[in-house]
There are 6 protein chains.
Amino acid sequence: MPLIEITIIEGRSQEMKKDMMMNVTNAVAESLNAKKESIRIVIREVSKDHWAVGGMPMSELKR
Amino acid sequence: MPLIEITIIEGRSQEMKKDMMMNVTNAVAESLNAKKESIRIVIREVSKDHWAVGGMPMSELKR
Amino acid sequence: MPLIEITIIEGRSQEMKKDMMMNVTNAVAESLNAKKESIRIVIREVSKDHWAVGGMPMSELKR
Amino acid sequence: MPLIEITIIEGRSQEMKKDMMMNVTNAVAESLNAKKESIRIVIREVSKDHWAVGGMPMSELKR
Amino acid sequence: MPLIEITIIEGRSQEMKKDMMMNVTNAVAESLNAKKESIRIVIREVSKDHWAVGGMPMSELKR
Amino acid sequence: MPLIEITIIEGRSQEMKKDMMMNVTNAVAESLNAKKESIRIVIREVSKDHWAVGGMPMSELKR
């Protein structure tokens, strides 16, 4: 019963996130030979102010 | 000094969450013979759109 | 369907950890009025070398 | 640059885990229209003693 | 390519959080002899209602 | 009372990790004007087999 946490920058549409949850569930189910119903996914959205690469927040890198 | 993270669907009352934090702290303190003051709990609330079971978001499963 | 992650220093007996998992499950089920079967707990054990308080690893604080 | 954490019971072959990492990366890249190189996955393996459903460790449920 | 997650009570200024992300990145880069660009930080802010010490939410302890 | 989780590839010396924990604690304490004793760090080490970039495990990328 795999648990999957996906951390992304906020702003994607629910349609994209919904597709992602289904496609990732299928990918895990097939790769591990696991039942789809046993797979749980939690999406964690993070603000560009709260995500840094090389010490700089994404909100500044995008400027 | 146990650290506990509890991920739940958003929407519960603060009263329920407060009870849960106290009861879980007591359960861990007694089970591990640990001091209550050393126990930290963080609640993470997740939208029904961001939690999937079997690839379907909870917001759709509830319909 | 709450997900609970409990991070503790390694070294507790499986008996203690088993008690803790049952007692925490009961505490969450009662506090949130949730079904026990819907609750998942993952214990994450950490070495004393990998846990710091005030910048000092627990392995040094215990000396 | 999505970050993905996958928690599974220990014991799967590296071949299965490798397939899973590639397939999940592809699923996320396609669903979010993101570059594959920007996607990071971390697998966290958990012992059956440290994973509980309904308060019972998986190691007991499997007996 | 270290991944760092920092959980704090909400309410700090973006200036403080930006300083923290840069300073932590530098600290990790120097300590591990790692490239700054390879380091990612995610800040997770938690409400005082959702963070408990000794079973009491911070929102009550502050009163 | 910030909580910090640092995920790195396994293999660094304890000396490096100890330096990192002290330096990160100092960086967070100064940036947030927080007490050092209130800061907790957990290091999570991951095998090269369990960390993928672009879908490929680090153990293959290093070959």
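1. A quick term first: two strands count as paired if DSSP finds at least two bridges between them. With that in hand, look at strand S1 of chain A (residues 3–9) in this predicted model: 5 bridges join S1 of chain A to S1(D), and the two strands run antiparallel. To find one of these in the viewer, pick A:Thr7, whose bridge partner in S1(D) is D:Leu3.

2. How do chains D and A relate?

3. On the contact itself, chain D puts in 18 residues and chain A puts in 18 residues. On the side of chain D that touches chain A, S1 (3–9) and helix H1 (14–32) each supply at least two residues. H1(D) gives the most, with 10 residues. Sorted by class, that side of chain D has 11 nonpolar, 3 polar and 4 charged residues.

4. Now over to chain F. Its helix H1 (residues 14–32) has 19 residues and reaches 27 Å from first C-alpha to last, close to the 27 Å expected. After H1(F) comes F:Asn33, with a positive phi near 60°.

5. Which residues of H1(F) are buried? Among them are F:Lys17, F:Met20, F:Met21, F:Val24, F:Val28 and F:Leu32. The buried residues of H1(F) pack against S1 (3–9) and S2 (40–46) of chain F, H1 (14–32) of chain E, and strands S3 (51–53) and S4 (56–57) of chain C.

Definitions and conventions: Residues are numbered from 1 along each chain as its sequence is written. Chains are lettered from A and ligands numbered from 1 in the order in which they are written. This is a predicted model: local features need pLDDT of at least 70, side-chain atom pairs count only at pLDDT 80 or more; totals for chains, interfaces and linings use all residues. Two residues are in contact if their C-beta atoms, placed from the backbone, lie within 7 Å. Helices (H or I, at least four residues) and strands (E, at least two) are DSSP runs, numbered from the N terminus. Ala, Val, Leu, Ile, Met, Phe, Trp, Tyr, Cys and Pro count as nonpolar, Asp, Glu, Lys and Arg as charged, and the others, Gly among them, as polar. The expected span of a helix is 1.5 Å times one less than its number of residues. A residue is buried if 20 or more other C-beta atoms lie within 10 Å of its own, exposed if 12 or fewer, and partly exposed in between; C-beta atoms are placed from the backbone.
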